[in-house]
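Here is a short report on one protein chain. Look at the structure first, then read on.

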Amino acid sequence: MRGRRGDRMAINIQEHMAINVCPGPIRPIRQISDYFPRRGPGLEGGGGGFGEAAAHLAPLALAPPAALLGATTPEEGAEVDSYDSDDTTALGTLEFDLLYDQASCTLHCSILRAKGLKPMDFNGLADPYVKLHLLPGACKANKLKTKTQRNTLNPVWNEDLTYSGITVDDITHKVLRISVCDEDKLSHNEFIGEIRVPLRRLKPSQKKHFNICLERQLASPSSMSAALRGISCYLKELEQAEQGPGLLEERGRILLSLSYSSRRRGLLVGILRCAHLAAMDVNGYSDPYVKTYLRPDVDKKSKHKTRVKKKTLNPEFNEEFFYDMELSTLATKTLEVTVWDYDIGKSNDFIGGVSLGPGARGEARKHWSDCLQQPDAALERWHTLTSQLPPAAGALPSA
């Protein structure tokens, strides 16, 4: 501001900087150490330091993680189903529902929405989609995927994805891995974050709601940190299982029906359907068919084979085979069921198999014994296909 030419008016620094100075004492900024209790031999007051320090915490530090994130409180187990790590909050949150139907052996996964995802593209947005895997198991065989939502950090899917053939044993030891990824048409898709939910948290026929922060990708049990509280127990169990003998790769599920007919004096074997088979062809699918044998087979006349289903990982066969045999003799037999991928001009690929009989274990043995103890009753059970090839089937790779 000028008066006459060449003269300058004196202006104080507050007016020059346009600062609205509020009179009063200047309060010091609280340090981060003031929010946490100090423990040690030099702490005054002995063991009461923790309680006194907690009483002086700021309201923000005492607020629950769900309130800070604006998350919906799950129906039960909120302390397990929510994470409050600052690192994971930057990746976003995912909201979904899980329901296990024990009667139909199905796991229903409702992917609802995500909020505040990490930007992955140059425009500051992302093209997110969700992938599901059941662990441990073959990832390609049980992968489910939602549609891609374009140019958004707050996608809404409202999609229902269903796993078939999930038994009670699967619920006790399997973990559902939910990954959020960014689709990129010009290069590889990028990983945003993941959540792992032990299925033992679920109760049959009760829908459970989750609203959880995404975590960074878990590379191995050795790289586990203290922030991964929700998955630490599973990683220990998985590490023990990997060190133990007899760990087989899962190749899918098969639904079998067994019934001993008193009138016809023989065993009826129903090959109903398969689910989440391993992909054996370059197109990401298989051309599956099923073969059954009743061992020991001295005359080599017990072979039965279904029709080939083209380009599918979830085939439906609905075929039935009959073995003419007395009940007493059947008790000493073993039913071998193998699934193969049909190839033209070369040997067919083995997908997976399961054996039912007195020497089997778990659900396979129980299904066989129930069939012998309950004649004329059609018993349907899901069974896990493993990578173990029965010795007798290994010599029969052709259709």
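Is phenylalanine 350 buried or exposed? Phenylalanine 350 counts as buried because its relative accessibility is 15%, and buried means under 20% relative accessible area (exposed is over 50%, partly exposed in between; 1.4 Å probe, protein chains only).

## The model

This is a predicted model: local features need pLDDT of at least 70, side-chain atom pairs count only at pLDDT 80 or more, and totals for chains, interfaces and linings use all residues. Residues are numbered from 1 along each chain as its sequence is written, and side-chain values use heavy atoms, with hydrogens and water left out.

The chain has nine helices and 16 strands. These are DSSP runs numbered from the N terminus: helices are H or I with at least four residues, strands are E with at least two. Of the 399 residues of the chain, 42% count as buried.

## Aromatic pairs

A pair of aromatic rings is described by the distance of the centres and the angle of the planes. Rings of Phe, Tyr and Trp (its six-membered ring) pair if their centres lie within 6.5 Å; planes under 30 degrees apart count as stacked, over 60 as edge-to-face and the rest as tilted. The count here is two aromatic pairs. Phenylalanine 96 and phenylalanine 210 are stacked, at 5.0 Å centre to centre with 5° between the planes. Phenylalanine 96 lies in strand S1 and phenylalanine 210 in strand S8 (residues 208-213), so this pair ties together parts that are 114 residues apart in sequence. Both phenylalanine 96 and phenylalanine 210 are buried.

Tryptophan 340 and phenylalanine 350 are edge-to-face, because their ring centres are 5.4 Å apart and their planes meet at 70°. Tryptophan 340 sits in strand S14 (residues 334-341) and phenylalanine 350 in strand S15 (residues 349-356), so the pair ties together parts ten residues apart in sequence. Tryptophan 340 is buried, with a relative accessible area of 2%.

## Charges over rings

A charge sits over a ring if NZ of Lys or CZ of Arg is within 6 Å of the ring centre and within 35 degrees of the ring normal. The charged end of lysine 208 sits over the ring of phenylalanine 210, 5.7 Å from its centre. Arginine 264 places its charged end over the ring of phenylalanine 322, 4.0 Å from the centre.

## Aspartate 101

Aspartate 101 lies in strand S1 (residues 93-101). Aspartate 101 is partly exposed, with a relative accessible area of 25%. Not counting residues up to four places away in sequence, aspartate 101 touches Thr106 and His108; contact means heavy atoms within 4.5 Å.
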